[in-house]
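Me: I want to learn how to read a structure like this one. Please show me the chain.

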Amino acid sequence: MCGIVGYVGPKQAYDYLIEGLFRLEYRGYDSAGVALQNGDQISIRKKTGRVGQLAELVTQQPVIGSTGIGHTRWATHGEPSDVNSHPHTGGNGEVVVVHNGVIENYSALRSQLQELGYVFRSATDTEVAAHLIAHQLDEEIKLGSDPTSAETCLQAVEAALKRVKGTYGLAILFREVPNMLIAARLGSPLVVGIGKGEHYLASDSSPLVGRTDEVVYLNDHEIAIITADKFQLKHQHTGAQTPSIKFLEQTVQDTELGDFDHYMLKEIFEQPQSIENALRGRLDDDEASAKFGGLNMDPQKLRRIDRIVLTACGTSWHAGLVGEYLIEEFARIPVEVEYASELRYRNPPMSDRTMVFAITQSGETADTLAAMRECKRKGHPTLAICNTVGSSIAREADGGIYLHAGPEVGVASTKAFTSQVTVLTLLAMFLGRMRHLSYPAGKRIISHLRDMPNKIRKALECNDAVKEVAQKYYQAENFLYLGRLYNFPVALEGALKLKEISYIHAEGYPAAEMKHGPIALVDEETPSVFIAPRCQIYPKVMSNLEEVKARRGPVIAIACESDDKIAKLADDVIYVPDVDEYLQPLVTSIPLQLLAYHIAILRGCNVDRPRNLAKSVTVE
């Protein structure tokens with residue numbers, strides 16, 4: 001969840017560290033800190049609040065050094081405060097650590113270390129790691145090891161990590177060994193950037209953009225010993241490793257705001273392009289199907305599959321619900337959508353003909369990764385629908401499909417959701433054409449998909465109308481979101497977006513379920529958002545809408561442009577282009593994203609960095 005950066009080289013490290021922390025702030029923004037090494041001195045600056053406040057502190061209290069580490073925090077153990085901010089020191093300052101993850105046995109380790117005389121100043125689990133490494137370093141020195149040797153430091157880290165239970169991404173400085181840092185990974189991502197006479201470290205690739213285009217993604221149980229001119233990789237169990245160098249394709253423009261006020265708005269308006277990218281090269285007109293290069297399963301194996309499990313968290317779980325409807329409709333394969341946090345601990349009966357798809361934007365979501373590993377352990381084909389190249393899930397899955405949506409910086413996911421739905425539509429068509437879907441039906445789906453970027457551009461024209469609706473309802477404290485069939489998951493997603501960034505309580509339901517309980521919430525102060533484009537049960541949705549109106553509940557309707565009746569029933573209508581029913585989630589989600597955005601702005605909320613949330617949930 002937190003963000004880590006590191007640098008070793010000839011330049012002043014702070015310049016990279018602070019720029020990297022700004023780029024990683026979406027991973028955590030409770031506090032931030034840096035540690036700079038200059039000879040045998042390590043200077044630490046850390047501050048509660050945003051990275052900008054740390055930058056102000058360093059302006060007042062400058063630090064120098066060509067080796068350094070930095071951290072932006074999303075609190076797990078210990079409230080946000082200056083003392084709980086990273087970096088943390090171990091022993092008498094001979095070790096300095098930043099950490100992403102959770103040390104599950106920190107309480108027991110803390111007690112043991114206190115008995116040995118170590119003094120704790122914070123409430124974090126990370127300080128345990130710092131003192132533990134310092135203790136193991138002291139033990140190595142007692143055995144005659146050279147305190148100025150990188151090998152001694154490595155042995156201390158390895159010994160400490162053997163005692164740690166939980167997850168970690170660690171970057172460590174040693175006072176007696178200048179111009180070196182050690183990084184270790186188990187469950188929390190780390191990537192090393194390879195430069196000319198310098199090396200970089202980060203939690204993900206975004207800080208490395210513009211600095212280098214060669215990167216190495218650390219695997220679990222790997223430890224990196226990094227100096228300016230050397231990068232060594234060691235696996236804790238199997239010894240020395242040969243780094244696998246990957247090419248970094250991102251550009252600086254991918255992570256810049258451009259003419260937009262917020263990343264969320266930028267990413268909402270990038271959806272025509274992101275959907276186009278998801279479709280590019282995947283529409284096979286000759287076969288009236290989709291084509292994928294990375295599934296790594298031959299047609300015979302795919303035809304044997306008689307059940308699919310989609311597992312995900314949050315917004316990705318909502319996309320999975322749409323995928324369930326699509327795959328069952330087109331391919332006639334039973335589909336279950338599982339919360340990854342539940343699936344990882346359950347033991348559901350799954351035959352050898354069950355295929356598992358992990359759906360994730362970041363590719364690092366801890367619960368999704370653990371659920372996928374559990375399914376893989378039991379021998380099921382495990383594939384990923386993922387946006388981040390080189391991520392843990394992308395590398396560990398048997399195969400998969402990249403979204404190609406580009407970096408998504410805003411914490412509230414927007415373009416990743418519609419890209420996931422697009423890819424799931426392609427997958428449903430692909431599996432359908434292997435079974436029951438006719439050639440003309442496949443051609444028709446391809447034609448409609450090819451037109452979707454233009455439909456999304458048209459849907460975005462509702463922005464001004466949404467602003468007016470937001471102005472009318474932004475002071476409401478409760479919302480209901482209601483939809484049927486393909487638009488039920490959209491109702492869930494719309495409610496989640498509003499909750500995430502405006503802090504308004506909102507609930508999503510199938511519209512017909514309203515009268516089985518939620519209708520009790522309807523009153524003149526509670527708007528109901530009906531996702532009501534024309535569909536096979538449109539009259540039923542209108543009946544549900546009238547039930548709300550009969551109880552004086554305000555109604556906001558998301559409707560097709562061709563609908564000339566709904567304005568007579570709803571208080572406010574936001575129109576989207578007419579599309580086939582199975583593609584409606586792609587257009588109906590657009591006004592709901594914009595509604596959440598504009599309401600949050602009117603309420604003075606930070607839409608890109610909502611309270612208590614971080615972009616990538618890498619802890620359980």
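Me: How many helices and strands does the secondary structure of the protein chain come to?

Reply: Helices (H or I, at least four residues) and strands (E, at least two) are DSSP runs, numbered from the N terminus. Here there are 19 helices and 27 strands. This is a predicted model: local features need pLDDT of at least 70, side-chain atom pairs count only at pLDDT 80 or more, and totals for chains, interfaces and linings use all residues. Residues are numbered from 1 along each chain as its sequence is written, and side-chain values use heavy atoms, with hydrogens and water left out.

Me: Which percentage of the 620 residues counts as buried?

Reply: Buried means under 20% relative accessible area, exposed over 50%, partly exposed in between (1.4 Å probe, protein chains only). In this chain, 62% count as buried.

Me: Is Tyr200 buried or exposed?

Reply: Tyr200 has 2% relative accessibility, so Tyr200 counts as buried. Tyr200 sits in strand S10, residues 199–202.

Me: Which residues does Tyr200 touch, not counting those up to four places away in sequence?

Reply: Contact means heavy atoms within 4.5 Å. Tyr200 touches, among them, Gly6, Tyr7, Val191, Leu208 and Arg211. Leu17 is 183 residues away along the chain, and its C-alpha atom is 9.4 Å from that of Tyr200.

Me: Which side chain does a polar contact of 2.8 Å join to that of Tyr200?

Reply: A polar contact is a pair of N or O atoms within 3.5 Å; within protein, one must be able to donate a hydrogen and the other to accept it, and residues adjacent in sequence count only if both atoms are side-chain atoms. The partner here is Glu198.
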